[in-house]
Number of protein chains: 4
Amino acid sequence: MPRHEREQQIIDVAVRVFAKRGYHASSVDEIAELAGISKPMVYLYLDSKEGLFLACLRREAARLVAAFQEAARGAGPAPELRLYAGLSAFFVFVAEHRDSWVVLHRQASELSEAIAAAVAEARRAVMSEVASLIRDGIRESTGDGAIPGADRADGADRGHRAAQLGDEDADFVAHALVGAADSLTDWMERHPGQSPEGITLRLMNMVWVGMRDVLDGKVWLP
Amino acid sequence: MPRHEREQQIIDVAVRVFAKRGYHASSVDEIAELAGISKPMVYLYLDSKEGLFLACLRREAARLVAAFQEAARGAGPAPELRLYAGLSAFFVFVAEHRDSWVVLHRQASELSEAIAAAVAEARRAVMSEVASLIRDGIRESTGDGAIPGADRADGADRGHRAAQLGDEDADFVAHALVGAADSLTDWMERHPGQSPEGITLRLMNMVWVGMRDVLDGKVWLP
Amino acid sequence: MPRHEREQQIIDVAVRVFAKRGYHASSVDEIAELAGISKPMVYLYLDSKEGLFLACLRREAARLVAAFQEAARGAGPAPELRLYAGLSAFFVFVAEHRDSWVVLHRQASELSEAIAAAVAEARRAVMSEVASLIRDGIRESTGDGAIPGADRADGADRGHRAAQLGDEDADFVAHALVGAADSLTDWMERHPGQSPEGITLRLMNMVWVGMRDVLDGKVWLP
Amino acid sequence: MPRHEREQQIIDVAVRVFAKRGYHASSVDEIAELAGISKPMVYLYLDSKEGLFLACLRREAARLVAAFQEAARGAGPAPELRLYAGLSAFFVFVAEHRDSWVVLHRQASELSEAIAAAVAEARRAVMSEVASLIRDGIRESTGDGAIPGADRADGADRGHRAAQLGDEDADFVAHALVGAADSLTDWMERHPGQSPEGITLRLMNMVWVGMRDVLDGKVWLP
DNA sequence: AATGAATGAGACTTCATTCAT
DNA sequence: TATGAATGAAGTCTCATTCAT
């Protein structure tokens with residue numbers, strides 16, 4: 001069996017096992033056995049348990065980001081639609097590849113420096129995709145004075161606000177959004193009837209509309 | 001040293017270690033050494049590694065819920081103000097007790113049945129506090145027709161919408177909110193100038209205002 | 001509570017625990033708790049776990065030997081009757097003080113030098129009692145030409161045989177007898193209806209009569 | 001080294017160590033070291049300390065029973081000759097494999113349920129071999145009215161007695177005999193000049209002849 | 001390319017024993 | 001006389017990792 005294929009097959013199994021047991025509770029023994037090969041092969045191909053986990057991490061992260069990007073790209077030019085499509089793709093991905101998500105997710109602490117860095121990098125990649133869309137959304141929403149898909153009253157000082165809302169804010173919103181989406185995967189698990197699209201819709205309504213209102217000057221104060 | 005004091009001291013150390021390394025990668029040896037006592041004491045007081053972790057979990061969950069509840073209770077009757085106060089307290093707590101939060105929220109999937117159950121229960125307790133305030137907010141906001149602190153146009157079908165937005169939705173919003181808050185603790189770490197109250201304010205603006213809009217019928221659709 | 005009484009009370013408990021769990025599986029903790037005192041008291045009175053076990057061993061061995069001797073002494077001058085009485089007392093003792101017997105018995109290997117020596121000494125004491133009675137029995141049986149309680153034909157060379165049958169043979173028979181009795185305690189446990197006296201009777205018939213026959217020249221050869 | 005060979009080698013060492021120290025006082029560490037391998041190998045091959053002990057138990061019991069059976073089988077049809085041969089083999093075996101015998105017979109009461117059961121089963125197997133020969137002996141001795149190798153007067157009530165002497169009695173005699181044999185291994189140790197066959201001869205004379213007498217109605221009574 | 005055999009290191013846990021009061 | 005608090009040492013077991021074939 002050619003090297004690359006074997007490698008992928010091992011990673012397939014490893015993702016399942018790591019997702020089920022967590023990094024530390026997983027044993028290379030079990031992964032090798034489930035992959036139908038001997039342990040030395042695992043070490044020959046992936047170097048170490050850590051290397052194996054990193055490979056899993058990178059592959060699944062790439063897949064997730066790709067799913068998000070493809071969906072966003074295919075959704076036309078409007079940033080909010082691209083965001084909607086990307087988030088939808090995210091929820092679809094998590095629903096369909098639960099193991100991948102579990103491996104990417106909640107393995108943050110307790111791992112070696114290298115792994116923690118890879119996790120952080122994966123999260124950063126997702127975050128930057130989202131932040132970019134949000135930045136575009138903010139710009140468009142304040143630049144051309146039109147947010148498609150919703151009626152609203154123009155605020156007089158929108159240009160002013162838009163200046164204030166810079167990259168930092170896009171990053172803030174991105175963090176909130178990704179965190180919310182992340183946490184909602186738990187909710188999704190407990191509400192199997194809900195479609196990924198429905199969940200995305202609710203989330204967009206909550207966050208996007210709220211954000212737009214803020215841009216419009218509807219500030220809430222305690 | 002009296003028994004109870006020792007116990008708390010051990011738990012103090014254990015929370016730090018578990019947060020830093022995760023459950024499996026933590027060793028009772030290290031915890032004992034950092035606590036300045038011998039391993040057998042740890043076992044005498046907390047029974048087992050699992051017992052020790054459970055004790056950490058319970059104490060930190062209780063502390064977080066208490067902080068949230070106290071702040072909310074002290075903020076008067078308006079649900080949105082209580083939510084604001086509770087969230088503020090949450091951010092303060094997480095900022096000041098990052099380890100506690102990590103132990104409560106970032107434990108991977110590699111835990112024993114008993115521990116996994118306790119983790120789930122702790123998370124559920126936090127989530128249920130938040131969901132409860134949101135539920136109240138939804139009810140008040142639709143019941144008396146007035147959301148203080150923001151002007152708006154009454155929608156004719158607000159009662160109808162309120163009926164649709166039930167406990168499930170409050171739970172949805174709670175998940176989104178807690179997830180967003182969690183993720184924003186990362187953002188907070190990278191923006192040291194920002195006060196917890198400022199962060200809460202932004203988050204409230206984003207989520208609460210958005211939620212209110214939805215109640216008002218301003219639905220966003222792709 | 002006076003010292004001696006406490007000591008006996010501790011030993012009482014210890015015999016029960018050692019019998020139930022065996023030496024190594026018994027913990028001083030459990031013994032102290034069952035005795036209703038704290039562990040340091042055990043060490044104050046009995047020095048160490050080994051000291052505690054030795055005390056148990058010596059007390060129970062003394063009791064068993066005393067029971068044997070008393071019964072034998074009270075049974076009149078005939079050696080065979082004294083042997084019968086002693087063996088009966090042995091079976092009665094084992095039946096009534098199972099724990100004592102377990103502690104004395106089957107703890108031979110796996111114990112420290114000192115304990116092994118004490119066990120050996122106890123066994124030697126019993127053995128010497130038995131051997132002495134058997135020696136007397138042989139002498140009487142060959143000396144006065146009459147074994148009461150059974151008819152037989154005199155052999156012409158009985159004096160000669162008796163000379164051959166010396167102390168070594170008495171010791172041989174004693175070993176066989178004690179071993180048989182020892183093993184029969186297992187049998188007794190599985191046949192609760194059988195009285196100690198009945199068991200002794202069977203054993204005497206088997207061994208004593210056989211021995212007498214040998215003295216009479218009825219040699220079995222393959 | 002091939003797997004099976006290693007296993008036997010480990011068991012060889014383990015029997016020695018268990019015999020010397022007893023189950024609890026033996027450490028897997030020591031066994032591994034004496035076997036010249038590392039601890040993980042022991043666990044790989046025998047699963048656990050308990051598994052290791054069970055393996056020892058089974059192998060040694062099988063060996064002893066085989067030695068007994070082979071000798072008995074090779075000694076012709078007469079039960080007493082078969083018993084003689086079997087007992088001889090037993091003494092030879094114990095003399096040559098003292099450790100095996102200690103593992104089989106001198107394990108204290110501190111063993112786990114599973115081990116205790118296996119020990120009991122092993123003892124039962126040995127005991128049942130002996131009892132079976134004795135039963136045959138009783139039957140033949142009462143059935144055809146002739147016990148070869150010894151003259152005697154026929155008793156009128158032999159059939160009656162034989163009815164009374166059932167399996168229970170064979171078991172009683174077996175216990176006495178095995179116990180005596182066991183104890184005589186100590187005697188044997190202190191009298192190195194004595195051959196196993198000589199010891200067996202004395203024992204047979206004592207027990208077999210006595211038993212036959214009882215069958216003949218020569219009852220001893222106190 | 002592939003593996004059966006092997007291990008160093010370290011994990012959790014328990015226990016006999018002692019100190020300070 | 002009595003004990004709550006504390007520990008050094010050791011035991012069973014698992015795992016990531018490598019060597020010889």
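## Note on the contacts between and within the chains

1. Salt bridges between chain B and chain A come to 4. The rule for a salt bridge is a side-chain nitrogen of Lys or Arg within 4 Å of a carboxyl oxygen of Asp or Glu. B:Arg202 and A:Glu168 form a salt bridge through their side chains, at 3.0 Å from N to O. Polar contacts between chain B and chain A number 13 residue pairs, both residues at pLDDT 80 or more. Such a contact is a pair of N or O atoms within 3.5 Å; within protein, one must be able to donate a hydrogen and the other to accept it, and residues adjacent in sequence count only if both atoms are side-chain atoms.

2. A word on the basis. The model is predicted: local features need pLDDT of at least 70, side-chain atom pairs count only at pLDDT 80 or more, and totals for chains, interfaces and linings use all residues. Residues are numbered from 1 along each chain as its sequence is written, chains are lettered from A and ligands numbered from 1 in the order in which they are written, and side-chain values use heavy atoms, with hydrogens and water left out.

3. How is chain B placed on chain A? A rotation of 179° with 0.2 Å of shift along its axis superposes chain B on chain A, with an RMSD of 0.8 Å. The two copies are therefore related as by a two-fold rotation axis. Both copies use the same surface: 96% of the contact residues of chain B recur in chain A. The superposition is by least squares on the C-alpha atoms of residues with pLDDT of at least 70 in both copies.

4. Next, the extent of this interface. Chain B gives 54 residues to the contact and chain A gives 56 residues. Contact means heavy atoms within 4.5 Å. About 4600 Å² is buried between chain B and chain A, and carbon and sulfur atoms give 61% of that area. Three residues, B:Phe172, B:Met206 and B:Trp220, supply 20% of the area that chain B buries against chain A, more than any other three residues. Buried area is the accessible area (1.4 Å probe) that two parts lose on being put together, summed over both.

5. Chain D and chain C also meet. Here 54 residues come from chain D and 56 residues from chain C. The buried area is about 4700 Å², and 61% of it comes from carbon and sulfur atoms. D:Phe172, D:Met206 and D:Trp220 supply 20% of the area that chain D buries against chain C, more than any other three residues.

6. Which polar links join chain D and chain C? The rule finds 4 salt bridges across this interface. In one of them, the side chains of D:Glu168 and C:Arg202 meet at 3.0 Å, N to O. Six helices of chain D each supply at least two residues of the side that touches chain C: H1 (3-21), H5 (79-96), H6 (98-105), H7 (113-143), H9 (167-190) and H10 (196-215). Helices are DSSP runs (H or I, at least four residues), numbered from the N terminus. By class, this side of chain D has 26 nonpolar, 13 polar and 15 charged residues. Ala, Val, Leu, Ile, Met, Phe, Trp, Tyr, Cys and Pro count as nonpolar, Asp, Glu, Lys and Arg as charged, and the others, Gly among them, as polar.

7. Now look inside chain B. Helix H6 (residues 98-105) of chain B has 6 of its 8 residues buried, so it is largely enclosed by the rest of the structure. The buried residues are B:Ser100, B:Trp101, B:Val102, B:Val103, B:Leu104 and B:His105. Buried means under 20% relative accessible area, exposed over 50%, and partly exposed in between (1.4 Å probe, protein chains only).

8. Is B:Arg82 buried or exposed? B:Arg82 lies in helix H5 of chain B. B:Arg82 is buried, at a relative accessible area of 18%. Leaving out residues up to four places away in sequence, B:Arg82 touches B:Ala72, B:Ala75, B:Gly76, B:Pro77, B:Leu133 and B:Asp136.

9. Salt bridges also form within chains. The whole structure holds 48 salt bridges over all chains. B:Arg124 pairs with B:Glu121, with the closest N and O atoms 3.2 Å apart. The two are separated by about one helical turn, because they sit 3 residues apart in helix H7 of chain B. B:Arg124 is partly exposed at 45%, and B:Glu121 is partly exposed at 42%. In chain D, D:Arg59 pairs with D:Glu60 at 3.0 Å. D:Arg59 is buried at 13%, and D:Glu60 is buried at 1%. In chain A, salt bridges link A:Asp12, A:Arg59, A:Glu60 and A:Arg63 in a network.
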